[in-house]
Amino acid sequence: MKRDLLCMTAPVREGFDIPCHEIGPTTSHPAVALVAGLHGDEINGIFILARLADFLNSVEAGKYPELRLVKRVLIIPAVNVLGVNLRTRTWPFDKTDINRMFPGSTTSETTQRIAYAVLEATKRAEYRIDIHTASIDFEEIPQVRLYGPSDAERATARKFGLPAIMERSLSPVFTTTMMHSWKAWPGESFVLRVGQAGTVQLQHCQRVFRAMVSFLGKIGVLEGVDIAVEDEDVCYFDKPSAHRVFAEKAGMFVSDRSVGRWVRAGEEVGYIYDSFGGNVIEKVVAPVAGLLSGIRRHPLLFEGDLIVRVNKKA
Amino acid sequence: MPYRERMEIRRTVFGGGDGPRVAIVAGLHGDELEGLYVCHRLAAWLEELQRCNPGALLGTVELYPAVNTLGLDTLTRGLPVFDTDLNRAFPGSPSGPLPSRLAAALMSALSGAALVVDIHASNIYLREIPQVRINQDFEALLVPIANRMNMDLIWLHGAATVLETTVAHSLNSSGTPCLVVEMGVGMRISPDYCDQLVAGILSVWKGLGVLSADVDVPETLHTALIADDSNVHFLNAQTSGMFLPTTSHWTDVRRGELLGTVVSPFRGDILSDVRSPVDGVLFTLREYPLVYEGSLMARVMSRKGGRS
């Protein structure tokens, strides 16, 4: 069922809303809350959640007789609706980042009102998942991100079956994010980071879609899911396991490598060219042996830009 | 930069004796121009001083009028390409990405100064009276200096609401006093406000011993009101439309007084009235007319401090 989380007016357009899907048995609050599109240019998450809503609605409609949705799922494919339509990460009117406006309020700025409505709808869920991508310049392997997690969250994170789980501390810089606000409530909170902004990467999206279905099966929300064995191969990475290479020189970075490959220490992963002269000015190599978990996709490099991240297996 | 060009932050240094070193920072946001004009006025004053009375500059003055050079040159508030607010990148790191490198370079240049003034010009939406904003953690040190800055308002912010990644917070936390000035409006210059601040800065520099005690500086006539979380009232739009102020900025208003209306270009009637919630001073007023539900239109403070 579609519901409007929030309806607002606009200066000269018709009013707008933030729609969500509520699927499964009616309860006072959802068992699982899934959010994407806090940033309008992170399309992978929007696509995954819209497809998941279609799938769960089909389950509800009886198109998959072996499956049964036994608990309520709330899905918000995109929070920054106008940002999606205008292809901007931030709220287009005042360029503020909605994921820096939490916990929000009903009486202050527009984006704080949006944040408040999203938090109210999701905070009581037992499992809360916020899907992001990297920026439009960088591609990340589909991964679960944990921020200052509980042991229960560490254990649950494995149930997605995604290739990597990355743990980070809960930085004070991020006190105004949705994740930070969620953590004040009972229940478990996860960020999924999937690919690159500005595009739909079908392979990543399909992988995360399967991960979400498998996850809903494992936590007992969707009954009848056949859980594949291959999903169990999960690597857990803490912050020290991440080895990054930053551009020491500006120029043009070009690489044909894909994320998710295991690389050897010293293995070449790309080249930096002088963008005027065309000569190679630096060969970029993997700093350690490990999983190539992220790589730069925008070729134009400033000094200091992150080029690759390799995670060393514990 | 990726194709040929190099990026640098330019500064102007006026060197005198061995006295204290002070600095002015402006243009961290590429849409804020008031600080650039203040730097121009200070440079003109200091050039004149060097011609007529070179011995009167006892210390060193550094002007950094345009930190976000790319933003200023391209009419962008943040750092272009990185889509980053430079004043959320401090203290930065010399080996990090560009915003972080610029922040680290500026931190290293400013550290140890006797006083840094970071000048902001609100944004393109709101007009502000000349004011100093201070984190309550650094209140004891900074308020006495701010009181001599010839500003009309000192706004004390609770520590919880302060952003830790600003240049001011990073400098104050590491022992270099830094005052944040907010005044005027984005993309414009308000010469009267700028001259008011120039007088305040010169007077403070004289007090610090950067300028000799016998040098003539412009008169300072303004006394600051005090604002904090207890006496500031925010007026956010109840409906979207066009905000039309019915009173002028920087005036005394009465409780219930009409400050403006919100109207629609499609209709002749008024969508909502905007009235003052208290007797006080209208110190923030919206300059950019279009509002969304929730957009800030004005701030009113009940009087506290200043001259009675």
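The following exercises, with worked solutions, concern a predicted model.

**Exercise 1. Domains of chain A**

Determine how chain A is divided into domains and which elements of domain 1 touch domain 2.

Solution. 
1. Chain A is split into domain 1, covering 2-237, and domain 2, covering 241-311.
2. Taken over C-alpha atoms, the centres of domain 1 and domain 2 of chain A are separated by 30 Å.
3. To the contact, domain 1 of chain A gives 13 residues, and domain 2 of chain A gives 13 residues.
4. On the side of domain 1 of chain A that touches domain 2 of chain A, two or more residues come from each of β7 (138-147) and β11 (235-237) of chain A.
5. The largest share of that side, five residues, belongs to β7(A).
6. Sorted by class, that side of domain 1 of chain A holds eight nonpolar, two polar and three charged residues.

**Exercise 2. A sheet in chain A**

Give the strand order of the open four-stranded sheet in chain A and explain why one side of each edge strand lacks a neighbour.

Solution. 
1. The order in chain A is β16-β15-β13-β18, with antiparallel pairing.
2. The edges are formed by β16 (280-285) and β18 (300-301) of chain A; each has a single partner strand, so one side of each has no neighbour in the sheet.
3. Strand β15 (residues 268-273) of chain A runs antiparallel to β16(A), joined by five bridges.
4. A:Tyr273 has A:Val280 in β16(A) as its bridge partner.

**Exercise 3. A sheet in chain B**

Describe the open four-stranded sheet in chain B and name its edge strands.

Solution. 
1. The order in chain B is β13-β12-β10-β15, with antiparallel pairing.
2. At the edges, β13 (270-275) and β15 (290-291) of chain B each pair on one side only.
3. Four bridges link β10 (residues 241-245) and β12 (residues 258-263) of chain B in the antiparallel sense.
4. Opposite B:Pro245 stands B:Gly260 in β12(B).

Terms used:
Residues numbered from 1 in each chain as written. Chains lettered and ligands numbered in written order. Predicted model: local features only at pLDDT ≥ 70, side-chain atom pairs only at ≥ 80, totals over all residues. Domains from an automatic or database assignment. Contact = placed C-beta atoms within 7 Å. Nonpolar A, V, L, I, M, F, W, Y, C, P; charged D, E, K, R; others polar. Pairing = 2+ DSSP bridges.
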